[in-house]
Amino acid sequence: MLLELDEVERAFGGVRAVDEASLQVARGEVHGLIGPNGAGKTTLLNLVSGLLRPSGGAVRLDGRRIDRLPPHRIAALGVTRTYQNIRLFGGLSAADNVVVGAHLRRDAPLWRWMLMLPSAGAEQRQARARALDLLRRVGLEARADEKAQNLSYGEQRRVEIARALASEPRVLLLDEPTAGMNPAEVASIAALIRGVAAAGQSVLLVEHNVKLVMAACDRITVLNFGRVIADGPPAQVARDPAVIAAYLGGER
Amino acid sequence: MTAALEDLWLTYQSTVAFVGLNGLLALSVYATLSCGQLSLAQAGFMALGGYTAAILTFHSGLPFALVLLAATLVPSLAAVPLGFPVLRLKGVFLAIATIGFGEVVRIVFVNLEFTNGALGYTGVPQRTRVWMIYAALAGALFLLWRLRRSRAGYALEAIREDEPAARTMGIHANAYKLSMVVLGAALAGLAGALEAHFTFMVAPSTYSFARVVDMLVYAVVGGAGAFHGPVLGAAFLTLLPEVLREVGSRVGLQPGPLRLFVNGLVLLLVILFLPNGIVSLPQRLRERREARRPGAARAG
């Protein structure tokens, strides 16, 4: 397994936001993570990306424990993410945001840049060209030089995906990437996610849009009150009585 | 003719030198501001630079270039152990902790007998030439200009905009922040050494909290969003009192109080009407002109 959560736990005071949650994401798999509001999905992504530390359990990437590492080390090992409440660098252009995302992939010693060597200039142009390629992939090449804060909501979400892809992650964590998008945009994001998986990268997708999850995911884990209540292929999870009860408020 | 020019130079040489020195100091504050950190330890670093230089000049036969180098390195090294614990703090708490550092340095020098306590050193030989100050300033500007569009520069901007997001992009935020504290300390130390060998003296009172506030005001008035803003701010606020003295003496006003009043007024006006500083003035004017143009088209 590429990414493995083993009975991960995180408590905020008396509230167990994530409660002994286990899940596995295979290489090249799109793994859906769904659940009602407040189920602990975003907390779980924060635990994987290192912004929070679990109070128990283990997170492993390729068998190696990453749950005690700082966020930049986890990113260097190949896990990057987007945010539910978009966190772009608003004052930078869309292209520059993606260039920042490529931080780990750039081989640009500072002294070379300081001495104004041609090789440094070439590297810089290459970084921008790669950023423009990624923006094209999310359909935003025409907006490359617009400041991120001036972009529409849906455009900002797509820049975030391009920025996360710029580091060539092994695992891409997407936190509600289609929130606020129209159906046409959602369809293009679904195609993009499948394309990422086809290239051998794994995706852990937190999403409320059931249609997208059903169409794009190979496997789905359902969280409710921090606990995993179902795990399996989309068709099977959709029939699961526990899942239906959690979403529709079944009586017990 | 040449005699007249020489007279003019002698009259204004010190003003010209201070425009450059204050520019360097403003850049040292800008260095940490550029990654979103407000560090007010600059007067402390400047004191370390000034005293290092004075001590070496008095007690060793080192050439001036090496004295300056040492005065740049000592505060940089001091910045590392200071930076490690202190950069865990944010915002107001970081500001207070770094003010604390500056005051500790100043009070140590007040009580140190080896450096003549509160009197400090007088009669430091004047070895600083005005061109040296401007060479240092040009070097610092070049460094910060190149840094802006480098990989490291992108990382700094990302840290300033959203540190947690930057960290999840693989940016080692603490290492970058620490580097900028060290760079700021180096610039402050260099400015301290150059100033000591220009004004003939080093004394603890030169490196008080008010001095850091001055540096910060240069950066804010000039505009801390661009690397050349702080230098503009320093030049503007250093030249302003000279102009005011001329004007004031003609109107029959005391120069002292007028200067403080005008400095406060300038700061207030900039914060209210030009929040991005003097550097943003051309862009601001362009925006206003463009805003007016469509209105004119509609009228016609």
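**View 1. What covers helix H6 of chain B.** The cover over the buried residues of H6(B) includes helix H3 (94–101) and helix H4 (110–114) of chain A, along with helix H5 (130–148), helix H7 (163–168) and H8 of chain B. Helices here are DSSP runs of H or I with at least four residues, strands are runs of E with at least two, and both are numbered from the N terminus. This is a predicted model, in which local features need pLDDT of at least 70 and side-chain atom pairs count only at pLDDT 80 or more, while totals for chains, interfaces and linings use all residues. Residues are numbered from 1 along each chain as its sequence is written, and chains are lettered from A and ligands numbered from 1 in the order in which they are written.

**View 2. Inside H6(B).** This helix spans residues 151–161 of chain B, and eight of its eleven residues are buried. A residue is buried if 20 or more other C-beta atoms, placed from the backbone, lie within 10 Å of its own. Look for B:Arg151, B:Ala152, B:Tyr154, B:Ala155, B:Leu156, B:Ala158, B:Ile159 and B:Glu161.

**View 3. Where chain B meets chain A.** Here 19 residues of chain B are in contact with 27 residues of chain A; contact requires C-beta atoms, placed from the backbone, to lie within 7 Å. On the chain B side, H6 and H7 are the elements that give two or more residues. The largest share, seven residues, comes from H6(B). The chain B side divides into eight nonpolar, four polar and seven charged residues. Ala, Val, Leu, Ile, Met, Phe, Trp, Tyr, Cys and Pro count as nonpolar, Asp, Glu, Lys and Arg as charged, and the others, Gly among them, as polar.

**View 4. Two helices crossing in chain B.** The axes of H3 (residues 64–86) and H8 (residues 173–199) of chain B come within 7 Å and cross at roughly 145°. Axes are lines fitted to C-alpha atoms, for helices over the stretch in contact, and angles run from 0 to 180 degrees between N-to-C directions. Among the residues making the contact are B:Ala71, B:Pro75 and B:Ala79 of H3(B), and B:Val182, B:Ala186 and B:Gly189 of H8(B). The contact residues of the pair divide into 16 nonpolar, five polar and no charged.

**View 5. Chain A as a whole.** This chain holds ten helices and ten strands. Its C-alpha atoms fill a box of roughly 70 × 40 × 35 Å, taken along the principal axes. Buried residues make up 48% of the 252 residues in chain A.

Technical notes: Contact = placed C-beta atoms within 7 Å. Buried ≥ 20, exposed ≤ 12 C-beta atoms within 10 Å, placed from the backbone.
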